[in-house]
Amino acid sequence: EGEGKVKGDGDGDAEMTEAGEGASNGEKKAEKEKDKDKDGEGEEKEKEKEEEEESGPSTYMHLVHELRSLLGKGSGADEAKEGDAAAVPAPSVSADKSALRLKTAQLLTALYDDEIRKQIGMKRYDGAAKVPVPLKPSAIYDACCVGEGTTTTMTVPPSKREGYRHTDVWDTKDCASELTGCVLDAADAFASASATDGGETSSSDGGPVPDEFDKDHGLSMSFVAASSNLRSTVFGIDPAQSYYDAKGIAGNIIPAIATTNAVVAGLQVLQAFHILRWRLDNADSETGEVDPCGERGGNLKERCRYIYCNREKTRKGYYLQPTRLPDPNPDCYVCRSAVLEVSLDTQSWTLDMFLRRILKKELNFIHPTVMLGTGDLIYEEGDELDRSEVECYAKNLPKALVDLPGGGLKDGSSCRVEDFGQDLEVELRFYHREEWKGGEEEDGGMEARDEEE
């Protein structure tokens with residue numbers, strides 16, 4: 001029995017050994033199959049990579065990442081996904097400029113030729129007033145100095161040419177050349193920063209390369225101006241903008257407004273000095289009263305000036321152009337005692353319509369007080385009125401103009417309107433009119449708005 005047990009145990013061990021060997025053989029086969037699959041996947045990836053190198057990247061975003069990877073360390077373009085800015089590597093010291101020019105030309109072609117043709121093929125612009133026209137790849141490659149028949153040295157970007165001005169407008173070739181120059185300048189700035197052990201990156205214009213767009217940075221603004229003009233060319237947007245114009249559009253408008261206000265405020269103070277000098281010259285030495293017709297000071301109109309601020313200098317080189325003050329406008333109801341003529345249908349117009357549509361909307365009265373030519377006060381506004389007065393004047397609002405108290409406003413009638421808050425006073429003369437050249441459409445629209453209100 002003991003020997004049988006031993007034999008039995010031995011047989012069991014043999015069986016277990018055989019089972020273990022079978023399992024290990026199966027694992028080895030599975031590992032070999034996995035290795036074959038990996039080898040197959042690697043071969044497929046290599047084939048795809050070779051095909052991509054031959055035919056070029058599939059989207060312009062791949063080109064963006066590849067261009068940025070040329071400015072960075074390693075080849076992180078394969079790991080970068082579309083729109084994944086975090087996957088883009090840091091700037092590098094050694095960036096092949098010929099490769100940068102080639103990749104820039106490929107990117108511009110993908111954006112302004114391939115992508116546009118793709119959108120046209122998808123019938124995205126069917127029915128549009130202007131159908132975009134793709135740029136010619138040959139013109140782009142020639143401007144970037146890539147390919148056969150081009151010069152070995154890159155064309156000088158327009159911003160670095162002798163006699164260049166910020167108001168010059170670039171053509172298509174100039175824009176492509178300027179964009180290529182921006183990429184090369186960025187590569188030089190990154191290389192310079194790396195050479196100084198991670199120092200601050202500075203472009204050729206002397207300013208540090210910002211992390212975000214800055215309208216006051218030359219390289220950033222040149223890139224925006226050139227790329228926007230290329231897109232304007234594709235979509236037929238006129239006119240093309242110069243560097244100076246693009247900076248005004250892309251930049252923050254608040255500093256420009258503050259600067260303009262400062263110039264105008266300074267000119268106003270100068271004119272105030274003229275008025276004060278005129279008063280001093282014409283003031284009586286004993287009483288201090290000012291003689292407006294004094295011989296010393298002359299006429300105030302001759303002492304003060306209108307001053308125009310010109311965007312471009314005059315032939316004599318002036319940006320500020322002074323002119324003589326014009327004569328007072330006899331029809332101005334603010335500075336002259338003018339009489340305004342009002343033609344309307346006095347039988348259908350109510351006092352409320354007259355207040356809202358003429359006095360407040362057209363003449364800019366805030367709290368009008370209306371008094372008829374006979375001296376009757378028919379309406380008044382203001383915080384000083386008590387409740388009973390407000391209710392009394394409100395009764396006249398729905399009445400037609402001819403039905404107002406004191407004889408109403410009819411053809412040939414007049415009224416005086418005052419606004420004490422603005423120190424404004426004007427006299428109105430009314431003319432009754434029932435027919436208009438514009439027909440019922442113009443007045444009908446106003447009546448519709450009156451009903452809605």
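**Cysteines, cores and crossing helices**

Guide: Cys144 has 0% relative accessibility, so this residue counts as buried. Buried means under 20% relative accessible area, exposed over 50%, and partly exposed in between, using a 1.4 Å probe and protein chains only. Cys182, at 4% relative accessibility, also counts as buried. Across the 453 residues of the protein chain, 29% count as buried.

Visitor: What kind of model is this, and how are residues numbered?

Guide: This is a predicted model, where local features need pLDDT of at least 70 and side-chain atom pairs count only at pLDDT 80 or more, while totals for chains, interfaces and linings use all residues. Residues are numbered from 1 along each chain as its sequence is written, and side-chain values use heavy atoms, leaving out hydrogens and water.

Visitor: How many disulfides are there?

Guide: A disulfide is a pair of cysteine sulfur atoms within 2.5 Å. By this rule the count is zero. Take Cys144: the closest cysteine sulfur, in Cys145, is 7.7 Å from its own sulfur, which is too far for a bond.

Visitor: How many helices and strands does the protein chain have?

Guide: Both are DSSP runs numbered from the N terminus: helices are H or I with at least four residues, strands are E with at least two. The protein chain has twelve helices and seven strands.

Visitor: Which residues have the most contacts inside the largest nonpolar core?

Guide: A nonpolar core is a set of buried Ala, Val, Leu, Ile, Met, Phe, Trp, Tyr and Cys residues joined through side-chain atoms within 4.5 Å. The largest one has 28 residues, and Phe354, Leu359, Leu428 and Phe430 have the most contacts inside it. Elements supplying at least two residues each include β3 (339-344), α10 (351-360) and β7 (424-432). The most comes from α10, with six residues. A second, separate core has 22 residues, among them Leu135, Trp170, Ala225 and Tyr243.

Visitor: At what angle do helices α6 and α7 cross?

Guide: Axes are lines fitted to C-alpha atoms, for helices over the stretch in contact, and angles run from 0 to 180 degrees between N-to-C directions. The axes of α6 (residues 218-235) and α7 (residues 243-250) come within 9 Å and cross at roughly 100 degrees. Therefore α6 is roughly perpendicular to α7, a label for angles of 65 to 115 degrees. Contact means heavy atoms within 4.5 Å; here Gly218, Met221, Ser222 and Ala225 of α6 meet Tyr243, Ala246, Lys247 and Ala250 of α7.

Technical notes:
Angles under 35 degrees count as roughly parallel, over 145 as roughly antiparallel, 65 to 115 as roughly perpendicular and the rest as oblique.
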